[in-house]
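Please read the following note with the sequence and the model open side by side.

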Protein chains: 2
Amino acid sequence: MAAESTRQLILSTAFSLIQSKGYNGFSYRDIADEIGIKTASIHYYFPKKCDLGRALMADYRSRFKDALLAIDQDADDSTNKLRQFTALFIQTLAQENRMCLCGMLATEISTLPVEIVEEVKGFIADTEKWLTRLLTRGCQAGWLQFAGNPEDQAKALFAALEGAMITARTLNDRRHLEKVAKQLHATMIVTNK
Amino acid sequence: MAAESTRQLILSTAFSLIQSKGYNGFSYRDIADEIGIKTASIHYYFPKKCDLGRALMADYRSRFKDALLAIDQDADDSTNKLRQFTALFIQTLAQENRMCLCGMLATEISTLPVEIVEEVKGFIADTEKWLTRLLTRGCQAGWLQFAGNPEDQAKALFAALEGAMITARTLNDRRHLEKVAKQLHATMIVTNK
DNA sequence: GTCTATAAGATGATAGAC
DNA sequence: GTCTATCATCTTATAGAC
């Protein structure tokens, strides 16, 4: 269907733009010019910009959740699950220096419509909850070790990855993120198990 | 002098706006309305928006450097210097939920004029360099302990603080940042010294 | 579904009066 | 220094023809 195709094209183009320039940094015109359509056509699928923004963030949240589920279902031990998790961030950055949509929108939070704010908050809550469970189990099984409690360590770990994406992008050095990821692993993974 | 006062008023108002809404999220009109002047007056002091943005980031970078120098000159040991460092981020967030200007602009990096980009890069380089020195000395003196090398640990530490400011602001919970800071301390500070 | 046309408002910026 | 007036341009958004 031509309709479904255009809709998908709008979504993927907008996704790329919002990951690199932010919600306030892209316009319907940017999308239209890139695809070769008119802005009115975009309004047909997404009447208001916040409709598009909400759809993008909701999709992203859903796909990220699927990725976490896939890690859960993997037979690997906690250390490898942790590596798979950090790899999600490294892969995103490797793709044209794109930011995690959550980190991007969270920084713009005070300028966003409420519907989008809720999705961003949900993404953080989902991820910290998942990470807390991973860290708790990893500790119990003796694969992981760290000071403090799993909840706070999960917050610190997620924050470090989001922050490192930002600094890596700014310094135009994706290895920056890889170094931070490696450092985070070294801090938590029990090597003499 | 009225001139100096207006200039300072513009800078402080713009600073507050850019910390909360980002470079692409504030306008000359926002500043003018808040101060009670016209946008043309702002153009008198800062002809182009990037002049204002550059001034704000350069000032911030300079003041942050001074704060780091003050920590250096303090008689405290490395663990307390580290606590003073993380306190800088906590204090910023405590002030009306404001972001670190570096983290804010770094996220918008792909939309910023080059002069500003250079200041942001410089801020990251300055801070990571200072932190690396602190961590190196703290290790040598036996106050601090961590896996890997000081350079990468410095990158991870800075990234975690910037990231935690973002998540804390989004969740509207400044204790989020405090928990992450505490966690970072617990990870590195040798308790039985 | 996609377009043209158009609107109302914001934005960064400048010229020139006071 | 600060203002009024004005600018070209962009932005989100809608109405209606095809």
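Helices (H or I, at least four residues) and strands (E, at least two) are runs assigned by DSSP and numbered from the N terminus. This is a predicted model, in which local features need pLDDT of at least 70 and side-chain atom pairs count only at pLDDT 80 or more, while totals for chains, interfaces and linings use all residues. Residues are numbered from 1 along each chain as its sequence is written, chains are lettered from A and ligands numbered from 1 in the order in which they are written, and side-chain values use heavy atoms, with hydrogens and water left out.

1. Overall build of chain A. The secondary structure of chain A consists of nine helices and zero strands, and its C-alpha trace spans about 60 × 30 × 30 Å along the principal axes. Of the 193 residues in chain A, 52% are buried, where buried means under 20% relative accessible area, exposed over 50%, and partly exposed in between (1.4 Å probe, protein chains only).

2. The nonpolar core. A nonpolar core is a set of buried Ala, Val, Leu, Ile, Met, Phe, Trp, Tyr and Cys residues joined through side-chain atoms within 4.5 Å. The largest one has 129 residues, and A:Ile31, A:Leu52, A:Phe85 and B:Leu52 touch the most other members. Leaving aside neighbours within four places in sequence, A:Phe85 has contacts that include A:Phe64, A:Trp130 and A:Thr127, a contact meaning heavy atoms within 4.5 Å.

3. A threonine among phenylalanines. A:Thr127 lies in helix α7 (residues 114-140) of chain A, and A:Thr127 counts as buried because its relative accessible area is 1%. Not counting residues up to four places away in sequence, A:Thr127 touches A:Phe64, A:Phe85 and A:Phe158.

4. Helix α8(A). How far apart are the end C-alpha atoms of helix α8 of chain A? They are 30 Å apart, which agrees with the 30 Å that its 21 residues (150-170) should span at 1.5 Å a residue, the expected span being 1.5 Å times one less than the number of residues. The helix is mostly covered, with 20 of its 21 residues buried, and α8(A) is followed by A:Asn172, whose phi is positive, near 55 degrees.

5. Where the chains meet. Chain B and chain A bury about 3,300 Å² between them, 68% of it on carbon and sulfur atoms; buried area is the accessible area (1.4 Å probe) that two parts lose on being put together, summed over both. Of the area that chain B buries against chain A, B:Thr107, B:Thr170 and B:Gln183 supply 19%, more than any other three residues. The contact takes 38 residues from chain B and 38 residues from chain A.
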